[in-house]
Amino acid sequence: MILAFYTTGALFLGWRPIELIGAEVGYYDFGEQEADNGTKIEGGAVTLAGLLSFELGPVGLYGKAGVADTDFDIRNAAGDDDDSSTDAFGGVGATVDLLDKLYFYGEFVHFDNDAGVDMVGAGLRYHF
């Protein structure tokens with residue numbers, strides 16, 4: 001098992017018609033990794049997910065599940081390759097109210113693709 005930490009970006013746009021359920025479209029940047037043999041892999045995913053959330057005062061808990069269209073660019077001495085697939089993904093997270101519409105969030109997300117990408121993220125959310 002290899003454990004590595006990288007800082008990458010993600011962007012989401014969601015809609016919650018009622019407090020309990022919602023939908024979200026997003027983009028996760030997996031960043032670039034380099035193996036010992038010089039192979040470089042760079043990737044990302046565009047996602048569509050359903051959300052189930054529970055508000056417990058200033059803290060909220062949520063789960064998300066959906067599909068991810070992942071794309072990996074692979075570069076090594078043998079040449080360049082591209083690996084794309086559409087697979088399931090899901091995750092769990094929590095939010096904490098900072099201001100009226102501003103929240104801090106933390107989440108764990110697993111992508112069920114050939115690479116089996118797991119991500120832990122934190123950031124700010126603004127609700128319109």
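Modeller: From the N terminus on, the elements run β-β-β-β-β-β-β. That makes seven strands and zero helices. Keep in mind that this is a predicted model.

First, the whole chain. Its C-alpha atoms fill a box of roughly 55 × 25 × 25 Å along the principal axes. Of the 128 residues, 27% are buried. The chain exposes about 8,300 Å², and carbon and sulfur atoms supply 61% of that area. Among contacts with a separation of 6 or more, 42% join residues 24 or more positions apart.

Now the charges. The chain carries 22 negative and 6 positive side chains. The centres of these two sets lie 9 Å apart.

Here is the patch. Asp69, Asp71, Asp73, Asp80, Asp81 and Asp82 form a negative surface patch. Two elements each give two or more residues to the patch: β4 (59-76) and β5 (79-97).

Take one member from β5. Aspartate 81 lies in that strand. Its relative accessible area is 49%. Exposed would need over 50%, so Aspartate 81 counts as partly exposed.

Now look at a residue in β4. Threonine 70 lies in this strand. Its relative accessible area is 2%. The limit for buried is under 20%, so Threonine 70 is buried. What does Threonine 70 touch, not counting residues up to four places away in sequence? The list is Phe30, Gly44, Ala45, Asp83, Ser84, Ser85, Asp87 and Asn113.

Key
Residues are numbered from 1 along each chain as its sequence is written. This is a predicted model: local features need pLDDT of at least 70, side-chain atom pairs count only at pLDDT 80 or more; totals for chains, interfaces and linings use all residues. Side-chain values use heavy atoms; hydrogens and water are left out. Patches are made of residues with over 30% relative accessible area and no salt bridge: like charges are joined within 9 Å, nonpolar side chains (Val, Leu, Ile, Met, Phe, Trp, Tyr) within 5 Å. Accessible areas come from the Shrake-Rupley method with a 1.4 Å probe; for residues, only the protein chains shown count as cover. A salt bridge is a side-chain nitrogen of Lys or Arg within 4 Å of a carboxyl oxygen of Asp or Glu. Lys and Arg count as positive and Asp and Glu as negative; His and the chain ends are not counted. The place of a charge is taken as NZ of Lys, CZ of Arg, CG of Asp or CD of Glu. Helices (H or I, at least four residues) and strands (E, at least two) are DSSP runs, numbered from the N terminus. Buried means under 20% relative accessible area, exposed over 50%, partly exposed in between (1.4 Å probe, protein chains only). Contact means heavy atoms within 4.5 Å.
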